Amino acid sequence: MSPTRRDTLDAALHDLFAREAASRASWFALTGGERLFAEGDPADTLYLLRAGRLGVFGGDGETPQFLGVVRPGEPVGEMAMLAGTSHTAEVVALRDSEILALPRDAFFETARSHPDLMVELSRLMIRRARDQKSAVTEPSVFGFISARPRPIRAFVERLCAAVEMMGFTCKVVDHSALSSVADWFTRVEDAHDYVLYVAEADEPAWANLCARQVDRLFVVGDPLMAPDVSKIPHNPQLESRRRTDLLLLRDPRMPRPANTPVWLKAVNPGRWFHAQDGDANDAERLARVVTATSVGLVLSGGGARAYAHVGAIDALRTAGVPFDFVGGASMGAIVAAGPALGWSQAELEARLKRAFVDSDPLSDITFPIVAMTRSRKVERLLDEAYGDVEMSNMPLPFFAVSTNLTRGGIEVHRQGSLKRAMRATISIPGVMPPVVQDGQVLVDGAVIDNFPTAVMRQFNAGPIVGVDMSQARGVDPQGLKNPPSWWRWIASGAWKRGPPIVGVLMRAATLTTDAELEHARARADLLIQPEPEGMDIRDWKAFDVAVDAGRRATEAVLAELDEPVTHLRRPRLSPDAPPETVGETAEAPRRRLVPGRRRKAPRPTATGSPE
């Protein structure tokens, strides 16, 4: 193990395992994909990762949720062992790894005479608890494997340069490292904040090694070519946990993404991205994804009050906040689709006005057998707005949520017809007929999850900006207490908004319990809550009022920040990390990162070397 300062956890653990190695401690190896322990297993052992990498996974869904990476020199399972409880997560080897193990009773015997060990472990547990929501344990080793004839090295180099411009250290490793020993890879990874392995299409041996060496894998393809599945290396433990991504790198002469469904079928990635070869903005966007500084924008439902999202987007754009992932529920998804399609602010406002302000979308009232409206007008407007757009071909990663009444859960739309997904996510029960798709009955996403920050967190490790209209007043009590007569309602033209019962149904569909709402809001790193005063949930003509409210609320929240939005979960150098020295080599220990503020370079002393 690399030498470290004596007052660090590394030194304390080194002493512990060195002292016990001859009698109580044991050594064993795990192959990539092999499990160290499962959730619920008894925590009767303290583990120390000597070499390799471990991934921590949890969650009750079909796809385990990634919780973090364990690097060489770090303990595993210490919290449950000290508490005497079972393990609360699954730990799996991301690559071939070496483990040291010490029984629980042997640990406590040693700790009684060495209190410094308990102090350092306590510091570690406090830091890990504090950093639970941060990007501190996110992957730092990525593989880029080409599945196209043209080289990808130049793009990966641009990506590396963009990472370095953020203040991190980054290194690109190519096929020249194929014959290197395992320890060399560990030393390189320990010496840099991020390492990018790149393998071209004609380097199958190196590509297979890269697939086994990384925390997360990008398969890089050409959207104009059919994928050759036989030449794409696989890492079963990454694929089973949705840790393989797809990057379609298109020629600059190709203005828009295309042919994505064919690649999705071949690669089955957890996420997919589009980039233009040679485009600096796309390289910077992928650099944010790699460094967990990418921004995810989540917009809630809220009927006509969701126009406020338009003002929020305008204020965020003016402030220079990038959008790297976009998603929403109900009307929030309708608005979010604009940035994901690359619409400018002017185009977003013009299209929404044409679709909802000028056309009274819910005015096709019908006898309520299935719903209050026929929804034909809405379907026509959606067709005019989105045409035949395939969701997976959208320039930015996008999702919309609907509620699946057949199986009683949330439905996340990421592929297929965009207008079909939009029709499902705004199908308020009782107001619009549900959508029947593949034998499933789908209604408004707001019924179960009106503010889907949890869905965004599955795809984006960086900051989440959430604009929430869930609790804004949306129903006029006077209109319900003293409803107009049937004839007066028609004569006044109010019928174009639908009867008052439409407002009740819309509000009921977007009403979330306090506990659910607090959990959703807590996941947002930047929470914006516009309040368009006096606006009913059916006021489709009150566009400017809501937009202005959204803009003002966003500007107020941004004014309170003392750092860019992209830095809200950004790692920085830990105060207890050993100081960097001039001439640091690959053998030196990796600088420990913790979240919070921008990393600063070490301050030079009078002699010119860091303190």
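Leaving aside its neighbours within four places in sequence, with which residues is threonine 453 in contact? In this predicted model, in which residues are numbered from 1 along each chain as its sequence is written, local features need pLDDT of at least 70 and side-chain atom pairs count only at pLDDT 80 or more, while totals for chains, interfaces and linings use all residues. Side-chain values use heavy atoms, with hydrogens and water left out. Once the neighbours within four places are set aside, the contacts of threonine 453 (contact means heavy atoms within 4.5 Å) are Val298, Ile464, Ala520 and Arg523. Threonine 453 belongs to helix α16, where helices (H or I, at least four residues) and strands (E, at least two) are DSSP runs numbered from the N terminus. With a relative accessible area of 0%, threonine 453 is buried; the term buried stands for under 20% relative accessible area, exposed for over 50%, and partly exposed for values in between, with a 1.4 Å probe and protein chains only.

The protein chain as a whole contains 21 helices and 24 strands. Among the contacts in the protein chain with a separation of 6 or more, 77% are made by residues 24 or more positions apart.

In helix α6, which spans residues 182-191, the buried residues include Phe185, Thr186, Val188, Glu189, Asp190 and Ala191, and their cover includes β9 (141-146), β10 (170-173), β11 (194-199) and α7 (204-213). In helix α9 (residues 260-267), the buried residues are Thr260, Trp263, Leu264, Ala266 and Val267. These residues line one face of the helix, because they fall within an arc of 165 degrees when seen down the axis of α9, the arc being that of the directions from the helix axis to the C-beta atoms. The cover over the buried residues of α9 includes β12 (216-221), β13 (244-250) and β14. Lysine 265 also lies in helix α9, but at 76% relative accessibility this lysine counts as exposed. The C-alpha atom of lysine 265 is separated by 9.8 Å from that of valine 229, although the two residues are 36 apart along the chain.

Helix α11 (residues 308-318) is largely enclosed by the rest of the structure, because nine of its eleven residues are buried. The buried residues of α11 are Ala308, His309, Val310, Gly311, Ala312, Ile313, Asp314, Ala315 and Leu316. Among the elements that cover them are β15 (296-299), α12 (331-340), α13 (345-357), β21 (464-467) and α21 (543-559). Just after α11, glycine 320 takes a positive phi of about 80 degrees.

Most residues other than glycine have a negative phi. Serine 330, in the loop between β16 and α12, has a positive phi near 55 degrees although it is not glycine, and at 3% relative accessibility serine 330 counts as buried. Aspartate 438, found in the loop between β19 (435-437) and β20 (440-444), also has a positive phi, of about 55 degrees, without being a glycine; aspartate 438, however, is exposed, with a relative accessible area of 71%.

Grid points are joined across faces, edges and corners, and a volume is the space filled by probe spheres set on the points. By this rule there are five cavities of 30 Å³ or more, and the largest cavity has a volume of about 150 Å³. Of the 15 residues that line the largest cavity, Trp272, Phe325, Pro397, Phe398 and Arg414 are the closest to its centre. At least two lining residues each come from β14 (271-276), β16 (325-329), β17 (398-404) and α16 (453-459), and β14 gives the most, with three residues. By class, this lining has eleven nonpolar, two polar and two charged residues, where Ala, Val, Leu, Ile, Met, Phe, Trp, Tyr, Cys and Pro count as nonpolar, Asp, Glu, Lys and Arg as charged, and the others, Gly among them, as polar.

Definitions and conventions: 1 Å grid on protein atoms, 1.4 Å probe; cavity = no way out; pocket = protein on both sides within 12 Å on 5 of 7 lines; lining within 4 Å.
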